[in-house]
Amino acid sequence: MKRLALIAATILTATALSIAPASAHATLQSSNPAENAVLDAAPDAVTLTFNQNVQSNFATVTVVGSDQSQWAASEPVVDGSTVTVDLDGLGAAGEYTIGYRVVSADGHPITGSIPFQLTQGTSTPPATDLDFTNEALPPAPQPEEDNGFPLWPIGALVAVVGAAGVLFALRKRTH
């Protein structure tokens, strides 16, 4: 009986310690151009790849030069977990920032920015005829806050019940 109580306590303790909050929101896995990339020539498109599908109707991607000119030449195209926006060249050499705001499959918005540098500029004029719903660069990503149900009370309850079970099983029986 003592052995069974010890095994049960071990299993309950391992279960309580392994409970972790779920993270079901999409996160950016990679981008092309990559963060802080140094490019000799302007890419034809910007591609963002997330770890899960994103909603197509809420995707916004901007490509902004150091002079605040917009360089995206198309609306974002979402294909599952990949978001692509075409570019029609870039302007002068310098810093560029990809800004994005997408909504994960669970409805959680994800925003961020990816800087990269162009070492050889062109004289292509910026794309100004697109009607973006949000032309401003999205704010820098903030730490995600999980507002879901806290799991620590369940873990504490499992630990207390397990400890009580062990104490009950190990107590000396008095007759």
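Reader: Are Phe50 and Tyr100 buried or exposed?

Author: This is a predicted model, and burial here is judged by relative accessible area, where a value under 20% is the cut-off for the covered class. Phe50 and Tyr100 both fall into that class, and the word for each of them is buried.

Reader: What kind of aromatic pair do Phe50 and Tyr100 form?

Author: A search of the whole structure finds two aromatic pairs. In the one formed by Phe50 and Tyr100, the distance is 5.8 Å centre to centre, and there are 70° between the planes. Planes over 60 degrees apart count as edge-to-face, and the pair of Phe50 and Tyr100 is accordingly edge-to-face.

Reader: How many residues apart in sequence are the parts that this pair ties together?

Author: Phe50 belongs to strand β3, while Tyr100 belongs to strand β7. The pair therefore links parts of the chain whose separation in sequence is 50 residues.

Reader: Which word describes the pair of rings in Tyr96 and Phe116?

Author: Tyr96 lies in strand β7 and Phe116 in strand β8, so this pair ties together parts that are 20 residues apart in sequence. Tyr96 is buried, with a relative accessible area of 3%, and Phe116 is buried as well, at 1%. The ring centres are 5.8 Å apart and the planes stand at 20°, and since planes under 30 degrees apart count in this class, the pair is stacked.

Reader: Which residues have the most contacts inside the largest nonpolar core?

Author: The largest nonpolar core has 25 residues. The strands β2, β3, β4, β6, β7 and β8 each supply at least two residues of this core. Those with the most contacts inside the core are Leu48, Phe50, Val63, Val83, Leu90, Ile98 and Phe116.

Reader: How many bridges join β4 to strand β7?

Author: The two strands run antiparallel, and this can be followed through individual residues. Thr60 stands opposite Arg101 in β7, whereas Gly65 stands opposite Tyr96 in β7. The number of bridges joining β4 to β7 is six.

Reader: How many of the six residues of β4 are buried?

Author: In a regular strand the side chains alternate between the two faces of the sheet. In β4, Thr60, Thr62 and Val64 are on one side and Val61, Val63 and Gly65 on the other, and both of these faces are covered. The number of buried residues in β4 is therefore six of six, under the cut-off of 20% relative accessible area.

Reader: How far apart in space are Ala26 and Val103, C-alpha to C-alpha?

Author: Ala26 is found in the loop between α1 and β1, and with a relative accessible area of 0% this residue is buried. Although Ala26 and Val103 are 77 residues apart in sequence, their distance in space, C-alpha to C-alpha, is 8.1 Å.

Reader: What is the phi of Gln68?

Author: Asn36, found in the loop between β1 and β2, has a positive phi of about 65° although it is not a glycine, and Asn36 is exposed, with a relative accessible area of 55%. Gln68 lies in the loop between β4 and β5 and counts as exposed at 60% relative accessibility. The phi of Gln68 is likewise a positive value in a residue other than glycine, near 70°.

Key. Residues are numbered from 1 along each chain as its sequence is written. This is a predicted model: local features need pLDDT of at least 70, side-chain atom pairs count only at pLDDT 80 or more; totals for chains, interfaces and linings use all residues. Side-chain values use heavy atoms; hydrogens and water are left out. Two strands pair if DSSP finds at least two bridges between them. Helices (H or I, at least four residues) and strands (E, at least two) are DSSP runs, numbered from the N terminus. Buried means under 20% relative accessible area, exposed over 50%, partly exposed in between (1.4 Å probe, protein chains only). A nonpolar core is a set of buried Ala, Val, Leu, Ile, Met, Phe, Trp, Tyr and Cys residues joined through side-chain atoms within 4.5 Å. Rings of Phe, Tyr and Trp (its six-membered ring) pair if their centres lie within 6.5 Å; planes under 30 degrees apart count as stacked, over 60 as edge-to-face and the rest as tilted.
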